[in-house]
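Subject: Structure for your review

Hello,

I am handing over the structure we spoke about. Please look through it first; my notes follow below.

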Amino acid sequence: MTSPAPGDDRTTPRAVLIGPPGSGKSTVGALLADRLGTSFRDTDADVEATAGKPVSDIFVDDGEDRFRELEAEAVRRALAEHAGVLSLGGGAILSEATQGLLAGHPVVYLRVGLADAVQRVGLAQARPLLVLNPRSRLKQLMDERRPIYERLASLIVATDGRTPEDITDEIVKGLQA
């Protein structure tokens, strides 16, 4: 699954990281890519490059629906093109098309509790979906999305109170199992 079969020109990510904001997808993703000797790609960065502006500005200027369209296309493209470690935005899994595309990929759900997520996200940052009552909204998003994350995951890794290096070690072991 980690590399194409002879004569097969498709690429398959070594790992696809999913989880809510503050779960460590970007930090752990970069470490994991380094550990696996491959590249790291973040679909939020792809969306920003396509739109020519930050995610928060896309939400304000164009709306969440437009952001989700750009996000779904970024995920589709990345799953088809990228053979390294791929990090998806926290809400990317809401798209049924994206859920279908993730089937058969090594999907790692980085599970995080509310307290750790709040500490890591630093709710003062520009998180478009966390504008009003950020702690309560983050909890709501986490509760709504948890069943989807769990259903899509081939590996679930708890991140609370752990270092990125420790989390990366567990993912590497899980991918080899």
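Two strands are taken to pair if DSSP finds at least two bridges between them. In this predicted model, the bridge partner of L110 in β5 is V157. Strand β4 (residues 107-111) and β5 run parallel and are joined by four bridges.

On the other pairing of β4: strand β1 (residues 15-18) pairs with β4 over three bridges, also in the parallel sense. There, L17 stands opposite V108 of β4.

Together, five strands make up an open sheet with parallel pairing, in the order β2-β3-β1-β4-β5. The edges are β2 (40-42) and β5; each has a single partner strand, so one side of each has no neighbour in the sheet. From one strand to the next, the twist averages 25°. Helix α2 (residues 43-51) lies across β2 and β3 (85-87) and runs at about 60° to β2.

In a regular strand the side chains alternate between the two faces of the sheet.

L175 counts as partly exposed because its relative accessibility is 29%, which falls between the 20% and 50% limits. Leaving aside residues up to four places away in sequence, L175 touches R14, A15, L36, P106, V108 and L155. R14 is 161 residues from L175 along the chain, yet their C-alpha atoms are separated by 8.5 Å.

Regards

Terms used:
Residues numbered from 1 in each chain as written. Predicted model: local features only at pLDDT ≥ 70, side-chain atom pairs only at ≥ 80, totals over all residues. Heavy atoms only, no water. Buried < 20%, exposed > 50% of the residue type's maximum accessible area, 1.4 Å probe, protein only. Contact = heavy atoms within 4.5 Å. Helix = DSSP H or I, 4+ residues; strand = E, 2+ residues; numbered from the N terminus. Axes fitted to C-alpha atoms, helices over the stretch in contact; angles between N-to-C directions.
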